[in-house]
Amino acid sequence: MGSLTDKYCIVGVGETPHMRPSNRTTLSMACEAVSKAVADAGLKLSDIDGMTSYQIGDSTTSPHVATALGMRLNYAVDILGGGSSGEALVAHAIGLIEAGYCKTMVIFRSMNGRSGRRMGGQTPGGPVPVAVAEGDGQFNMGWGWTTPAQRFGMSAMRYLRDTGCTTKAFAEIAVAHRYHASLNPKAIHRNPIAIEDHQRSRWIVKPFRLLDCCQETDVSVAIVVTSRERAFDLRHPPVFIMGGYARTLTDSPQWNYSRDEIHYVAGNYGWKRAFGMAGISHKDVDFVSCYDAFTFTTLIQLEANGFCRKGEAGEFVKGGRLRIDRELPSNLSGGHLSEGYTHGVQMVIENVRQLRHRADDACPGWAEGRHTYDRKAGCRQLRKADICCGMGWGWENMASCLILRGIAA
Amino acid sequence: MPAPIDYSKLRIVPDFDTAEWWAAAREHKYLVRQCPDCGHKWFPPIFPACARCGSLKPGWFQTAGKGVIHSYVVVVQPIVGAFIGTVPYVVAIIELDDCREAGGSVTRVAGVMLDDEPEVAIGLPCEVVYEETADPRIVMPRWRVSGSAANVWRFNE
């Protein structure tokens, strides 16, 4: 086991509603998410002495939030990054607390991902009227090839060709995650869908249809990390950080297309580290979260992180295997596909709530951990939720992971 | 063939690392970067160092502009305004014939095909063609299928 395994914990989580549009600033939303996460931990804002966030030039900063909320911090650094950064910042928090730079740290992401800056350069109103192609953009915007769907579609298409998988496998993921969203009062899309609904939905960029794509969202999310010793006395049973990897890269990370196999994604390089650190194997994992910017990103990460063999993810997800009460439940809040798109942290939040046995579902007693397990009545709490593997995705070339365990079963 | 790209809605800004690439395209030459020390080739030219040996003085290699389609997507919903009238169009990743290196390293480029989706398949040979734009400084390389091949794969959904 890694020496830091189980020494650090996630003790607080908080988020704003998933809105489109929020009609709020990223600072306003961040203040709410941070305050809620700190309160959820049973801490006061003055107990927090470290803050960090990630963004892509689309958000407020830790010093802004600290000013607004009257916090005096010993550490405040905001990084550039999108998906896979949240899990990586948990690793930063562990290192910083271990080294004594701060004691208790809050990590946030705040984005008007639908009404503000949209992925791929699209404006809130639609296509960008006059595009200025600078830097990397000279070699993608000039070809009308900018959005994550357009870019990841290249590795998805080649994957279909190389493995014989079809888009029915993509549909399995859309259907499973939507079913979980139907049990989540916070989700943007809650109407259950079937394989055929996915197959009939309109094309966005082949091989991706509308129901392969996540929900651009205005939202802020926050989590609180501290040491095990402090965690024991807080409001909830701690969720222990067993292991992970943090923004592991492939070679040629900014031009994925010159790698031998463009769908051999970064998780392949990371999972041994995470599972080795945690001292567990895949069969010990009760449920996963798997960054679903698109159905395909979930599919390929399951394979990359060793949950099935290379080229076999399409078979692996068949027949509803990722649904709650089945072999490997995935994205129990509905994920980016159906709950809303937060660049990853909402999945960490859901995992923490599941591990605490306090999924915020339709059960009247959820806050006290009393669940019916009646899916028809809207319960989405797993019966057995002891260990979770959360997989974060940046691009094909960048991935993070966070293996967590709870003690609240 | 897809409808024309509205280049009046697209402004390409060459920079220190890419100006020579765009200047060559204007003369209908397709360049990739090449390391003068170890011979390694790469694309796109925004990367100013050799990833194999670390040389900081990359040169250029003029390719024949021929290759094989390695993967592709079909853009149906336009995101960049210049392409609103162009959808559906195919963007392909192309493995250049004269850029394969010992040890398996490949140089792959990307671009918009002149062919419609049914004509495009993974494994087909293709070649570069040059298209004038609204900006006299910018000539845009595009690609077209240039023959047939025995073992091709096409997305049929």
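Modeller: Helices are DSSP runs of H or I, at least four residues, and strands are E runs of at least two, both numbered from the N terminus. This is a predicted model, where local features need pLDDT of at least 70 and side-chain atom pairs count only at pLDDT 80 or more, while totals for chains, interfaces and linings use all residues. Residues are numbered from 1 along each chain as its sequence is written, chains are lettered from A and ligands numbered from 1 in the order written, and side-chain values use heavy atoms, leaving out hydrogens and water.

Biologist: What follows H1(B)?

Modeller: His28(B), and its phi is positive, near 60°.

Biologist: Which residues of H1(B) are buried?

Modeller: In this helix, residues 19-26 of chain B, they are Trp21(B), Trp22(B), Ala24(B) and Ala25(B). Buried means under 20% relative accessible area, exposed over 50%, and partly exposed in between (1.4 Å probe, protein chains only).

Biologist: Why are they said to be on the same side of H1(B)?

Modeller: Because they cover an arc of only 155° around the axis, taken from the directions from the helix axis to the C-beta atoms. Their cover includes strands S1 (10-12), S2 (30-34) and S8 (125-132) of chain B.

Biologist: Why is the pair of Phe170(A) and Phe208(A) called tilted?

Modeller: Rings of Phe, Tyr and Trp (its six-membered ring) pair if their centres lie within 6.5 Å; planes under 30 degrees apart are stacked, over 60 edge-to-face, and the rest tilted. Phe170(A) and Phe208(A) are 6.0 Å apart centre to centre, with 50° between the planes, so they pair and count as tilted. Phe170(A) is in helix H5 and Phe208(A) in strand S7 of chain A, 38 residues apart.

Biologist: What makes Phe170(A) buried?

Modeller: Its relative accessible area is 0%, so it falls under the 20% limit. Phe208(A), at 0% too, is buried as well.

Biologist: How do you know that Arg323(A) sits over the ring of Tyr179(A)?

Modeller: A charge sits over a ring if NZ of Lys or CZ of Arg is within 6 Å of the ring centre and within 35 degrees of the ring normal. The charged end of Arg323(A) is 4.0 Å from the centre of the Tyr179(A) ring. Arg405(A) lies over the face of Phe240(A), at 4.6 Å from the ring centre.

Biologist: What does Trp143(A) touch?

Modeller: Contact means heavy atoms within 4.5 Å. Not counting residues up to four places away in sequence, Trp143(A) touches several residues of chain B, including Phe43(B), Tyr89(B) and Met140(B). Trp143(A) is buried at 1%, and one aromatic cluster includes Trp143(A), Trp21(B) and Trp22(B).
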